[in-house]
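Please look over the model below with these notes beside it.

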Amino acid sequence: MLPSEPYRSLDDYLAAGGGLGLSAARAVSSETVIEELVASGLRGRGGAGFPTGVKWRTVKSFASPLLHTSVVVNAAEGEPGTFKDRAILRANPYAVLEGALIAAIAMDARSIVIATKAAFTEELARLRSAVAEVVAAGWCGDIDVRFVEGPSEYLFGEETAMLEVIDGRPPFPRIAAPFRRGVVEVVQTRGDAESGSGLSANVQMAQTEGQSMAPPVLVNNVETMANVPAIIARGAAWFRAIGTTESPGTIVCTVTGAVQRPGVREVAMGTTLRAVIDLAGGGVQAGRRVVAVMVGVSGAVLVPDQLDVALTYESMASIGSGLGSAGFIVVGDDLEPVSVAAGVSHFLAIESCGQCIRCKEDGSEIASLLGKIARADGGESDLQSIKARLDTVADGARCSLASQQQTVVGSLLSNFESQIKARLHPGVTPVDVHFVAALVDIDEHGATCDVSFAQKQPDWSYGTADSGKKPVERFADHRADET
């Protein structure tokens, strides 16, 4: 999946065994393809780890009798500390495309949308070139492959927000799951009182029982799609021979932070975090001691005595964290825990869209108070307020961003409470809020973060002034102005 040297052409990929999964999928029924995927135990590599075959089977069960299901490749990677999808796209876009075509065959789809960020210029160039090659090779048949170049917002990577972007709207998460509302919107007859969808656009959703005209959509991220061809070509047993019983296969990990060399590495599931830090990052920087390891900004932080945890979904869950997108940020002893907590909270507060009031308002206040403590200007009441707002920040949340405040910031507060409380005393030295942002690149020179995030305002504008409006309000104003 992640070759040691990038495949420069489709011929290189074919010489390495590529294409066999697509041929195998075309030789059997879609049900056989899906059941092989179920048997493989592949779990989604986008963060949640949901069984991929079960997801495919569920989407298939909601197929419309009139309109084709769509397939979407989520290539909008934006989790801080994560670069694995872009590494795959740069080295092996063909496996991603082959996986997406297999998905389209299984779903009886006629369209594949590759949704990525307009800023991913190198990845887009590789993908466009690869698509041209597979089209010329006759791989696509009557399946149309198109690109949607979206914004840089973190929420663009959330499945339902991505579908909103594909439909031409801002990346604001939906309530309806992708298997109920896809990218083909069916507008019902407004004069039919029984057909009102309850949505502002009067959009029909796939029904939970029986059939519906509205087609669902299958969304899988880059790494998940890249796993599919080999599973279909070689079989579920081959895939299960790697990794563990509950978490089979390999996983592509990113390691950044206080390491010798930031990097990306594919390893068998079950490899320990300590080993991955050595393999992908060359070990901890000389003279540095590991204080914590962040799992992007989605899972509870790990402390030094947890570094030998096996990287499986079940092992990470057993210690109260999760695999997320396998982006591990090593925090060295040169950073104050409150500085890291403030940086994480600031990132999540800025990236909140504001549809859920508590997420934006509580999140912003948590970030502000943590910054106040980092600057040696906080008191016990500020810490208590932070804890209180962590209890309410996810109230009514329609996506996981708010719960990430609870999980990541909460774990930093609980693991480093004494160090943080010590900063409430008079005379402590102020520290800067640690800069947390998405990665732009990883190369031989190291890891580069998105420095433009430093100018991003809570309303998603850039510059020195914030409008005071939530992004959902500001974008609504823009749409009103256009009409």
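1. First, the term for accessibility. Buried means under 20% relative accessible area, exposed means over 50%, and partly exposed lies in between (1.4 Å probe, protein chains only). By that scale Asp334 is partly exposed, at 46%. Arg288 is partly exposed too, at 35%.

2. On the source: this is a predicted model, where local features need pLDDT of at least 70 and side-chain atom pairs count only at pLDDT 80 or more, while totals for chains, interfaces and linings use all residues. Residues are numbered from 1 along each chain as its sequence is written, and side-chain values use heavy atoms, with hydrogens and water left out.

3. Asp334 and Arg288 form a salt bridge, 3.8 Å from N to O. The term requires a side-chain nitrogen of Lys or Arg within 4 Å of a carboxyl oxygen of Asp or Glu. Asp334 sits in the loop between β11 (327-332) and α13 (337-351), and Arg288 in the loop between α11 (273-281) and β9 (290-295), so the pair ties together parts 46 residues apart in sequence. Helices (H or I, at least four residues) and strands (E, at least two) are DSSP runs, numbered from the N terminus.

4. Which residue forms a salt bridge with Glu123? The partner is Arg90, with the closest N and O atoms 2.6 Å apart. Glu123 belongs to helix α7 (residues 121-136) and Arg90 to helix α5 (residues 84-91), 33 residues apart. Glu123 is buried, at 2% relative accessible area. Arg90 is buried as well, at 17%.

5. Glu417 and Lys387 also pair in a salt bridge, at 3.1 Å from N to O. This links helix α17 (residues 417-422) with helix α15 (residues 380-392), the two residues being 30 apart. Glu417 is partly exposed at 31%. Lys387 is partly exposed at 28%. Elsewhere, shared partners join Arg358, Glu361, Asp362, Arg389 and Lys470 into one salt-bridge network. The whole structure has 31 salt bridges.

6. Now the packing. The axes of α4 (residues 52-61) and α6 (residues 93-107) come within 10 Å and cross at roughly 40°. Axes are lines fitted to C-alpha atoms, for helices over the stretch in contact, with angles from 0 to 180 degrees between N-to-C directions. That makes α4 oblique to α6.

7. Trp56, Val59 and Lys60 of α4 meet Gly99, Ile102, Ala103, Ala106 and Met107 of α6. Contact means heavy atoms within 4.5 Å.

Notes: Angles under 35 degrees count as roughly parallel, over 145 as roughly antiparallel, 65 to 115 as roughly perpendicular and the rest as oblique.
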